[in-house]
Amino acid sequence: MNQAQIGQLISRCQKGDNVAFEKLLDEYGGKLLAYFYRVTGSQEQAEDLLQDLFVKLIEKISLYKHQNKFEHWLFRIAANQARDRARKLTTRGYTASLNYDGADGESQTMAAQLPDNDQLPQAQMMLREEVDALNIALAQLPALDREIIMLRHYSQLSFKDIAQTCNIPLGTALAKVHRGLKELRKILDHE
Amino acid sequence: MNNKAKRELRETIASLQISDDQAKQMVDDITAGDALLNKFSSPELTTKAKQNVTDAINKQLIKQKNSIAPVAILIRIAALFLIGTMVINYVYKPQDKQTAIVNEVALTNGLQAEIELITFESAIRASEETTDDYFDEISVNGILSLWEDKNWDIELL
């Protein structure tokens, strides 16, 4: 979808057109979900955050003026939401880790959320191993480093935009991405 | 990482005060890290999750429309009130300036002399030598003589 089409879609959204919002979901939903998933480590929480994001989007879309930077704007809201969630969890005494609360109330990892290995086709098993490995590695990074790395990976935001979004100096944003990616490589190489 | 992103990365690193070797190392590390992240698949938006978001969108849009409706009605009532006030003002033209009425009445009735008399009274009042009694006398006399000169009906006084 080119910028002109996105602009038209946004105009329709600003008039309250639900079909236009669904098209935005088709366009950005996957990326946003992946971002939330990597930051929270939980598919369930990622889906909740995606839902909340679209509700917020409906409230805020009238304030947006299209200047070919919709994705940046959208990911800024997403980043703020992910941060708010982490803050709430910290306030409630949870650690902002990649664990989630299972149905029985006990904390479980993403690995435990998936079915047993013998029930999965080989491709899914490989995907599960990859997801686990990356999430486990990401869990070892500080929350802000993880957020910045994922923001850059999924949103294509520039370092300048990331620095503005996270309210940190440009050099700090760059250093955190550099250090974080190096750390990730080191962790994943060891596994 | 596409070419634009690579250029942006190089420019950002160049803006920092670090040596060329350090900058090159940084670019290489970040590029390698990006390549590593690209190897991992991302979870997809399931039909159920998409349906949940769509339901939330529809629910929120209905909620927003319902919350906007009373405000829109209030705005319309205020607009109608404003238009009504303007129309009434335009049709009835209330005269609230007494001076304008005096002048208008005086000119309509040809009483230019009355205006002159008021001016005369003001001049007398401004004089330091003038007492109230003198002024009253001059004023009454002036009016009476004016009335007689003009041959107006004395009962009008």
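In what pattern do the elements of chain A follow one another along the sequence? In this predicted model, chain A reads α-α-α-α-β-β-α-α-α-α-α, with nine helices and two strands. Helices (H or I, at least four residues) and strands (E, at least two) are DSSP runs, numbered from the N terminus. Chain B, by contrast, has six helices and zero strands, in the order α-α-α-α-α-α from the N terminus on.

Residues are numbered from 1 along each chain as its sequence is written, while chains are lettered from A and ligands numbered from 1 in the order in which they are written. Because the model is predicted, local features need pLDDT of at least 70 and side-chain atom pairs count only at pLDDT 80 or more, whereas totals for chains, interfaces and linings use all residues.

Of the 191 residues of chain A, 32% are buried; in chain B, buried residues make up 7% of 157. A residue is buried if 20 or more other C-beta atoms lie within 10 Å of its own, exposed if 12 or fewer, and partly exposed in between, with C-beta atoms placed from the backbone. Contacts are pairs of residues whose C-beta atoms, placed from the backbone, lie within 7 Å. Among the contacts in chain A between residues at least 6 apart in sequence, 60% join residues at least 24 apart.

In soluble globular proteins, nonpolar side chains tend to be buried together. The largest nonpolar core here has 51 residues, and A:F36, A:L50 and A:F54 have the most contacts inside it. Such a core is a set of buried Ala, Val, Leu, Ile, Met, Phe, Trp, Tyr and Cys residues joined through C-beta atoms within 7 Å. Helix α2 (residues 18-40) of chain A supplies the largest share of this core, eleven residues. Leaving aside residues up to four places away in sequence, A:F36 touches A:A46, A:L49, A:L50 and A:A82.

Helix α2(A) also packs against two other helices. With helix α7 (residues 143-155) of chain A, the angle is about 160° and the axes are 10 Å apart. Axes are lines fitted to C-alpha atoms, for helices over the stretch in contact, and angles run from 0 to 180 degrees between N-to-C directions. The pair α2(A) and α7(A) is therefore roughly antiparallel; angles under 35 degrees count as roughly parallel, over 145 as roughly antiparallel, 65 to 115 as roughly perpendicular and the rest as oblique. Their contact involves A:K31, A:A34, A:Y35, A:R38 and A:V39 of α2(A), together with A:R146, A:E147, A:M150, A:Y154 and A:S155 of α7(A).

Helix α1 (residues 3-14) of chain A packs with α2(A) at about 135°, with the axes 7 Å apart, which makes α1(A) oblique to α2(A). Here A:L9, A:R12 and A:C13 of α1(A) meet A:A20, A:F21, A:K23 and A:L24 of α2(A).

The contact between the chains takes 35 residues from chain A and 30 residues from chain B. On the side of chain A, two or more residues come from each of α2, α3 (43-60), α6 (122-139) and α9 (170-190). The largest share of that side, ten residues, belongs to α9(A).

In the loop between α8 (159-166) and α9 of chain A lies A:N167. Although A:N167 is not a glycine, its phi is positive, at about 60°. A:N167 is exposed, with 6 other C-beta atoms within 10 Å.

Key. Two residues are in contact if their C-beta atoms, placed from the backbone, lie within 7 Å.
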